[in-house]
Amino acid sequence: MTAAPFSPTSTRRQVLLGLAAAPFLPRRARAGESGFDVVVVGAGVFGGWTAWHLVRRGLKVALVDAYGVANARASSGGESRVIRIAYGADAIYSRWARASLAEWKALSERVTLPIFHQTGVLWFARRRDAYIEASLATLEELDVPVTVYDRAGLAKRWPQIDFSDVAIGFLEHETGALLARRAVQAVVQEAVSGGATLLLDKAGPPTPAGDGVRIPLASGEAIDAGVAVYACGPWLPKVFPALLEGRIVPTRQDVFFFGPAAGDRRFAPGALPVWADFNDGDIFYGLPDLESRGFKIAHDAHGPVFDPDTGRRHPDRESYEQVRAYLARRFPALADAPLVGGRVCQYENTATGDFLIDRHPTIDGVWLVGGGSGHGFKHGPALGAHVADLVTGAATTIQPRFSLATKETHGRRAVH
Ligand SMILES: Cc1cc2nc3c(=O)[nH]c(=O)nc-3n(C[C@H](O)[C@H](O)[C@H](O)COP(=O)(O)OP(=O)(O)OC[C@H]3O[C@@H](n4cnc5c(N)ncnc54)[C@H](O)[C@@H]3O)c2cc1C
């Protein structure tokens, strides 16, 4: 799936700094803006990669975002994201993660500052449970290199972690961490360099127009296009309330960054992989001190329902105390490490955690793409290719797990 790079019209440095490269600066829609083959609404990781793949297929694409590429409210707007291939029995996501990893690595090679850090991903758990068994079976089937450790092996290899209640761990060698905001900026930059038009505006719900669709914009203008892909992340239920309210539920998620002592390299990439403590399904996870921004840690449990426009983005004391207590137990050398950063983001959860990639049920030419459910970022490249295949007719089958019909309003999280 790895594709040849576009020939960029702006320098790599401009891309990374989000600077003056003229084609990359979003603009407002012009009156009667039309003639696009596809309008993609939402320049997060899903919309960005969708636009990228559509441009590569030679289509005329507009990419519209209300707040800007990987903005501070977007689910894709964080500092970093984990890319791992283990997904328990959900091999469909393992396959997508593996395909996406190749694309992320290729993108990272094309830009100046890294997007992908191959730190490895270490999973560990109190017992060798069904999730671990299924993950290892899938990784073997996919030929993904891993090393399995018992408690003594883990303690020897990573003495900075307290594994006293842990029975088993495994290290994925080829995966690691993505620099999220930078990654989305880079992929959108490439889409724009390849011919996509980036617009800063808020799209409303589509209406049929001739052979295509009309997308009204908050500025008062409208765009006509053959097809519209709504990849609005946690905003999807706001654009399509009758269809998606309760089917995609944004929840508040707090993440924290702690500062290792000066000169202490035990928590830096190289010494520490990305890690996830499966903890009987109550997952804590973290990333090493990437680019000296701090050791990142979060609890993966769903927080309260959250409004992505107006939600208060001050990290919460209760979440802070929870990760602090975990940190002191699992990473004793960081027990007193100072907090150097905190962020509030949101997951956009479907009932099971499966993505939504399907046609709008009543408006021809409209696609609904989202439901990243706290694990979507890594899949951006494969998801974008899949959506581009569906939009262009290269693929015709809606994957049942991604269908609107399977999106319940109540459910049990099944994908981790
Ligand atoms: C704290 C946290 C940690 C996570 N960790 C991981 C991880 O380690 N690994 C992983 O793979 N995934 C992770 N995820 C999940 C992943 O980040 C998301 O699934 C993914 O970023 C969703 O991308 P998206 O493009 O669907 O949505 P978004 O990034 O939210 O993009 C949607 C865009 O649509 C725009 N928009 C909305 N409405 C409109 C409108 N009406 N008109 C125009 N534009 C509009 C918004 O401005 C926004 O830019 C994490 C998420 C969070 C919050």
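In what order do the eight strands of the open sheet lie? The order is 6-7-5-14-15-16-13-17, with mixed pairing; two strands count as paired if DSSP finds at least two bridges between them. Strand 6 (146–150) and strand 17 (339–349) are the edge strands, each pairing on one side only. Neighbouring strands of the sheet are turned by 20° against each other on average, direction ignored. Within the sheet, strand 15 (residues 284–287) and strand 16 (residues 295–299) pair in the antiparallel sense over four bridges, and Phe284 has His299 in strand 16 as its bridge partner.

This is a predicted model, in which local features need pLDDT of at least 70, side-chain atom pairs count only at pLDDT 80 or more, and totals for chains, interfaces and linings use all residues. Residues are numbered from 1 along each chain as its sequence is written.

Two helices lie across strands of the sheet. Helix 4 (residues 130–141) lies across strand 5 (121–125), strand 6 and strand 7 (168–172), running at about 150° to strand 6. Helix 9 (residues 317–330) lies across strand 13 (249–258), strand 14 (274–277), strand 15 and strand 16, and runs at about 115° to strand 16. Such angles run from 0 to 180 degrees between N-to-C directions, with axes as lines fitted to C-alpha atoms, for helices over the stretch in contact.

In total the protein chain has 10 helices and 19 strands, taken as DSSP runs numbered from the N terminus (helices H or I, at least four residues; strands E, at least two). Helix 6 (residues 180–193) reaches 20 Å from its first C-alpha to its last, close to the 20 Å expected at 1.5 Å a residue, the expected span being 1.5 Å times one less than its number of residues. Of its 14 residues, 13 are buried (20 or more other C-beta atoms, placed from the backbone, within 10 Å of the residue's own). Gly195, which follows helix 6, has a positive phi near 125°.

Of the 416 residues of the protein chain, 51% count as buried. The C-alpha trace spans about 65 × 45 × 40 Å along its principal axes.

The average pLDDT (the predictor's confidence in each residue, from 0 to 100) is 92 for the protein chain, and 92% of the residues score at least 70. Over residues 1–23 the pLDDT is below 50. Where pLDDT is low, the predicted coordinates should not be read in detail.

Conventions. A residue is buried if 20 or more other C-beta atoms lie within 10 Å of its own, exposed if 12 or fewer, and partly exposed in between; C-beta atoms are placed from the backbone. Two residues are in contact if their C-beta atoms, placed from the backbone, lie within 7 Å.
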